[in-house]
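Subject: Structure for you to look at

Hello,

Here is the structure I promised to send. Please open it before you read on.

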Amino acid sequence: MMIGTLSMMVGLTLASAGRSVVTAGGRTLVVAETSAARLTSFAVEDAGALTGRRVFADVPGRHPDGIALDPDGGIWFGSPMTEELVKV
């Protein structure tokens, strides 16, 4: 999904949105917002609409860019400025 398209779908601005991941079951979209130092989530409705924007995790001092879901449902992101991989 292109981030420009994501921004239009939710009708809100995302702070330097990096990558996104959909959790198992397809019910939650989590977006890495690099310059805001946070992960933001949205509920995915049956018709695919995104609702219920909320902060999934604040990560002060880090800059989440890439994002991945591990087999146990954990969410990982890369923080290139701090040279680390972080599980939230």
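Below is what I found about its salt bridges.

First, a caution: this is a predicted model. Side chains of opposite charge can pair when their charged atoms come close. The count here comes to five salt bridges. Three of them are described below.

Start with Glu 33 and Arg 53. Their closest N and O atoms are 3.6 Å apart. Is Glu 33 buried or exposed? Its relative accessibility is 0%, so Glu 33 counts as buried. Arg 53 has 30% and counts as partly exposed. There is also a network here: salt bridges link Glu 33, Arg 38 and Arg 53.

Next, look at Arg 62 and Glu 84. Their side chains form a salt bridge of 2.8 Å, N to O. Arg 62 is in the loop between β4 and β5, while Glu 84 is in strand β7, so the pair ties together parts 22 residues apart in sequence. Both ends are partly exposed: Arg 62 at 29% relative accessibility, Glu 84 at 27%.

Now find Lys 87 and Asp 70. This salt bridge spans 3.6 Å, N to O. Lys 87 belongs to strand β7, and Asp 70 to the loop between β5 and β6, so parts 17 residues apart in sequence are tied together. Lys 87 is partly exposed at 46% relative accessibility. Asp 70 has a relative accessible area of 16%. The cut-off for buried is under 20%, so Asp 70 is buried.

Best wishes

Key. Residues numbered from 1 in each chain as written. Predicted model: local features only at pLDDT ≥ 70, side-chain atom pairs only at ≥ 80, totals over all residues. Heavy atoms only, no water. Salt bridge = Lys/Arg side-chain N within 4 Å of Asp/Glu carboxyl O. Buried < 20%, exposed > 50% of the residue type's maximum accessible area, 1.4 Å probe, protein only. Helix = DSSP H or I, 4+ residues; strand = E, 2+ residues; numbered from the N terminus.
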